[in-house]
Amino acid sequence: GDKVAFVGRNGTGKTSMLKAIVGEVPYGGTLRIGPGVKVGYFSQDTTETLDLALTPLEALENVMGGQEHQLRSLLARYLIDANHCNRPISMLSGGQKTRLRFCLLFAEKNDLLLLDEPTNHLDPMTWNVVAQAINEYEGTLILVSHDRIFIDQTVKYLWVIEDESIKVFGGTLSEYLEEEL
(Lines give C-alpha, C1' and ligand atoms only; values in the text may rest on other atoms or scores of the structure.)
Protein backbone atom coordinates (compact mmCIF):
# COMPACT_ATOMS: atom_id res chain seq x y z
CA GLY A 1 0.00 0.00 0.00
CA ASP A 2 2.99 2.36 -0.08
CA LYS A 3 3.13 5.18 -2.60
CA VAL A 4 6.66 6.00 -3.72
CA ALA A 5 8.20 8.43 -6.21
CA PHE A 6 11.55 7.79 -7.84
CA VAL A 7 13.19 11.21 -8.01
CA GLY A 8 16.54 12.38 -9.31
CA ARG A 9 18.21 14.16 -12.16
CA ASN A 10 17.53 13.20 -15.77
CA GLY A 11 19.50 10.15 -16.81
CA THR A 12 19.75 8.57 -13.35
CA GLY A 13 17.68 5.54 -14.38
CA LYS A 14 14.23 6.25 -12.95
CA THR A 15 12.32 5.15 -16.06
CA SER A 16 14.77 2.29 -16.64
CA MET A 17 13.97 0.97 -13.17
CA LEU A 18 10.25 0.92 -14.01
CA LYS A 19 10.97 -0.79 -17.33
CA ALA A 20 13.12 -3.39 -15.54
CA ILE A 21 10.26 -4.17 -13.16
CA VAL A 22 7.92 -4.92 -16.09
CA GLY A 23 10.63 -6.78 -18.01
CA GLU A 24 11.08 -4.28 -20.84
CA VAL A 25 14.82 -3.80 -20.30
CA PRO A 26 17.55 -6.11 -19.01
CA TYR A 27 19.10 -5.38 -15.63
CA GLY A 28 21.85 -6.69 -13.41
CA GLY A 29 21.00 -7.95 -9.99
CA THR A 30 17.89 -9.50 -8.53
CA LEU A 31 14.35 -8.24 -8.85
CA ARG A 32 11.50 -10.13 -7.24
CA ILE A 33 7.79 -9.46 -7.61
CA GLY A 34 5.63 -11.39 -5.16
CA PRO A 35 3.78 -14.39 -6.54
CA GLY A 36 0.35 -13.44 -7.84
CA VAL A 37 1.07 -9.70 -7.79
CA LYS A 38 -0.78 -8.05 -10.66
CA VAL A 39 1.24 -5.16 -12.11
CA GLY A 40 -0.20 -2.26 -14.10
CA TYR A 41 2.10 0.00 -16.09
CA PHE A 42 1.52 3.45 -17.55
CA SER A 43 4.37 4.40 -19.84
CA GLN A 44 4.82 7.67 -21.64
CA ASP A 45 3.55 6.07 -24.88
CA THR A 46 0.83 4.05 -23.20
CA THR A 47 -2.05 4.84 -25.59
CA GLU A 48 -0.48 2.39 -28.03
CA THR A 49 -1.81 -0.42 -25.83
CA LEU A 50 -5.46 0.46 -26.54
CA ASP A 51 -7.55 -1.60 -28.97
CA LEU A 52 -8.62 1.19 -31.30
CA ALA A 53 -11.52 -0.81 -32.77
CA LEU A 54 -13.32 -1.02 -29.41
CA THR A 55 -15.44 1.71 -27.89
CA PRO A 56 -14.49 3.04 -24.43
CA LEU A 57 -17.57 1.28 -23.05
CA GLU A 58 -16.49 -2.07 -24.56
CA ALA A 59 -12.90 -1.65 -23.36
CA LEU A 60 -14.02 -0.95 -19.80
CA GLU A 61 -16.55 -3.79 -19.86
CA ASN A 62 -13.75 -6.17 -20.92
CA VAL A 63 -11.70 -5.08 -17.90
CA MET A 64 -14.29 -5.08 -15.14
CA GLY A 65 -17.70 -6.14 -16.42
CA GLY A 66 -20.68 -4.61 -14.69
CA GLN A 67 -23.82 -2.72 -15.56
CA GLU A 68 -23.70 -0.20 -18.40
CA HIS A 69 -24.74 2.69 -16.14
CA GLN A 70 -21.86 1.86 -13.76
CA LEU A 71 -19.39 1.76 -16.64
CA ARG A 72 -20.67 5.06 -18.05
CA SER A 73 -20.40 6.63 -14.62
CA LEU A 74 -16.78 5.53 -14.26
CA LEU A 75 -15.93 6.77 -17.75
CA ALA A 76 -17.53 10.12 -16.90
CA ARG A 77 -15.27 10.36 -13.86
CA TYR A 78 -12.36 10.26 -16.30
CA LEU A 79 -14.04 12.97 -18.42
CA ILE A 80 -15.23 10.64 -21.17
CA ASP A 81 -18.77 11.80 -21.75
CA ALA A 82 -21.81 9.96 -23.11
CA ASN A 83 -21.14 11.24 -26.63
CA HIS A 84 -17.81 9.40 -26.73
CA CYS A 85 -18.66 6.16 -24.89
CA ASN A 86 -19.89 4.37 -28.02
CA ARG A 87 -17.44 5.80 -30.57
CA PRO A 88 -14.42 3.72 -31.60
CA ILE A 89 -11.36 4.58 -29.51
CA SER A 90 -9.62 5.46 -32.78
CA MET A 91 -11.91 8.52 -33.00
CA LEU A 92 -10.94 9.86 -29.57
CA SER A 93 -8.49 12.72 -29.15
CA GLY A 94 -5.07 12.08 -27.64
CA GLY A 95 -6.23 13.47 -24.29
CA GLN A 96 -9.34 11.27 -24.29
CA LYS A 97 -7.22 8.20 -25.06
CA THR A 98 -4.91 9.05 -22.16
CA ARG A 99 -7.86 9.49 -19.78
CA LEU A 100 -9.32 6.18 -20.98
CA ARG A 101 -6.02 4.42 -20.33
CA PHE A 102 -5.98 5.79 -16.78
CA CYS A 103 -9.59 4.65 -16.31
CA LEU A 104 -8.73 1.14 -17.51
CA LEU A 105 -5.54 1.00 -15.47
CA PHE A 106 -7.28 1.83 -12.20
CA ALA A 107 -10.26 -0.43 -13.06
CA GLU A 108 -7.94 -3.42 -13.57
CA LYS A 109 -7.50 -3.78 -9.78
CA ASN A 110 -3.72 -4.08 -10.01
CA ASP A 111 -1.72 -4.71 -6.83
CA LEU A 112 1.19 -2.60 -8.07
CA LEU A 113 0.96 0.42 -10.34
CA LEU A 114 3.97 1.85 -12.13
CA LEU A 115 3.39 5.32 -13.56
CA ASP A 116 6.05 6.88 -15.78
CA GLU A 117 5.55 10.64 -16.17
CA PRO A 118 1.75 10.39 -15.93
CA THR A 119 1.24 14.16 -15.93
CA ASN A 120 3.00 14.81 -19.24
CA HIS A 121 0.58 16.53 -21.61
CA LEU A 122 -2.32 16.46 -19.15
CA ASP A 123 -4.77 19.33 -18.89
CA PRO A 124 -5.52 20.57 -15.35
CA MET A 125 -8.84 18.70 -15.06
CA THR A 126 -7.28 15.36 -16.02
CA TRP A 127 -4.34 16.06 -13.72
CA ASN A 128 -6.79 16.39 -10.81
CA VAL A 129 -8.68 13.23 -11.82
CA VAL A 130 -5.45 11.20 -11.89
CA ALA A 131 -4.26 12.63 -8.54
CA GLN A 132 -7.60 11.73 -6.95
CA ALA A 133 -7.51 8.21 -8.41
CA ILE A 134 -3.99 7.70 -7.01
CA ASN A 135 -5.03 8.94 -3.58
CA GLU A 136 -7.99 6.53 -3.54
CA TYR A 137 -5.91 3.63 -4.85
CA GLU A 138 -5.21 1.07 -2.11
CA GLY A 139 -2.38 -0.85 -3.77
CA THR A 140 1.32 -0.07 -4.04
CA LEU A 141 2.38 2.69 -6.41
CA ILE A 142 5.73 3.67 -7.89
CA LEU A 143 5.74 6.98 -9.71
CA VAL A 144 8.29 8.77 -11.88
CA SER A 145 7.45 12.44 -12.35
CA HIS A 146 9.10 15.83 -12.52
CA ASP A 147 5.92 17.53 -11.32
CA ARG A 148 6.69 18.61 -7.75
CA ILE A 149 3.10 19.46 -6.84
CA PHE A 150 1.83 16.14 -8.19
CA ILE A 151 4.47 14.22 -6.23
CA ASP A 152 3.62 16.14 -3.05
CA GLN A 153 -0.08 15.35 -3.46
CA THR A 154 0.22 11.65 -4.27
CA VAL A 155 3.15 9.88 -2.57
CA LYS A 156 4.35 9.26 0.98
CA TYR A 157 7.96 8.23 0.27
CA LEU A 158 10.73 9.31 -2.07
CA TRP A 159 13.46 7.10 -3.41
CA VAL A 160 16.07 9.68 -4.31
CA ILE A 161 18.47 8.37 -6.94
CA GLU A 162 21.88 10.00 -7.07
CA ASP A 163 25.47 8.85 -7.40
CA GLU A 164 24.26 5.36 -8.39
CA SER A 165 22.57 4.83 -5.04
CA ILE A 166 19.09 5.21 -3.58
CA LYS A 167 18.27 7.23 -0.49
CA VAL A 168 14.82 6.61 1.04
CA PHE A 169 13.02 9.66 2.42
CA GLY A 170 9.69 9.56 4.23
CA GLY A 171 7.80 12.69 3.29
CA THR A 172 6.96 14.99 0.43
CA LEU A 173 9.30 16.31 -2.22
CA SER A 174 8.87 19.81 -0.81
CA GLU A 175 9.97 18.58 2.62
CA TYR A 176 12.95 16.79 1.10
CA LEU A 177 14.07 19.84 -0.86
CA GLU A 178 13.65 22.05 2.23
CA GLU A 179 15.76 19.62 4.29
CA GLU A 180 18.46 19.48 1.62
CA LEU A 181 18.89 23.26 1.46
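Predicted model: local features only at pLDDT ≥ 70, side-chain atom pairs only at ≥ 80, totals over all residues.

Student: How are two packed helices described?

Tutor: Two packed helices are described by the angle between their axes and the distance between the axes.

Student: Then at what angle do H2 and H5 pack?

Tutor: Helix H2, residues 56-64, packs against H5 at an angle of about 15 degrees, and their axes are 9 Å apart. That angle is under the 35-degree limit, so H2 and H5 are roughly parallel to each other. The crossing of H2 and H5 is right-handed.

Student: Which residues meet there, between H2 and H5?

Tutor: From H2 they are Pro56, Ala59, Leu60, Val63 and Met64, and these meet Leu100, Cys103, Leu104 and Ala107 of H5.

Student: New topic: how many aromatic pairs are there?

Tutor: The count is five aromatic pairs. One of them is formed by Phe42 and Phe102.

Student: Why is the pair of Phe42 and Phe102 called stacked?

Tutor: The ring centres of Phe42 and Phe102 are 4.2 Å apart and the planes meet at 15 degrees. Planes under 30 degrees apart count as stacked, and therefore this pair is stacked.

Student: Where in the chain are Phe42 and Phe102?

Tutor: Phe42 belongs to strand E2 (residues 39-42) and Phe102 to helix H5 (residues 94-107). The two are 60 residues apart, so the pair links distant parts of the chain.

Student: Are they buried or exposed, Phe42 and Phe102?

Tutor: Phe42 has a relative accessible area of 4% and is buried. Phe102, at 0% relative accessibility, is buried as well.

Student: And what kind of pair do Trp127 and Phe150 form?

Tutor: Trp127 and Phe150 form an edge-to-face pair, with 5.4 Å from centre to centre and 65 degrees between the planes. Trp127 lies in helix H6 (residues 124-136) and Phe150 in helix H7 (residues 148-154), so the pair ties together parts 23 residues apart in sequence. Both Trp127 and Phe150 are buried.

Student: One more topic. Where is Asn110 found?

Tutor: Asn110 is in the loop between H5 and strand E3 (112-116). With a relative accessibility of 6%, Asn110 counts as buried.

Student: What does Asn110 touch?

Tutor: Leaving aside residues up to four places away in sequence, Asn110 touches Lys38, Val39, Gly40, Leu105 and Tyr137.

Note on methods:
Residues numbered from 1 in each chain as written. Heavy atoms only, no water. Phe/Tyr/Trp six-rings, centres within 6.5 Å; stacked < 30°, edge-to-face > 60°. Helix = DSSP H or I, 4+ residues; strand = E, 2+ residues; numbered from the N terminus. Buried < 20%, exposed > 50% of the residue type's maximum accessible area, 1.4 Å probe, protein only. Contact = heavy atoms within 4.5 Å. Axes fitted to C-alpha atoms, helices over the stretch in contact; angles between N-to-C directions. Parallel < 35°, antiparallel > 145°, perpendicular 65-115°, else oblique. Left-handed = near helix turned anticlockwise from the far one by under 90°.
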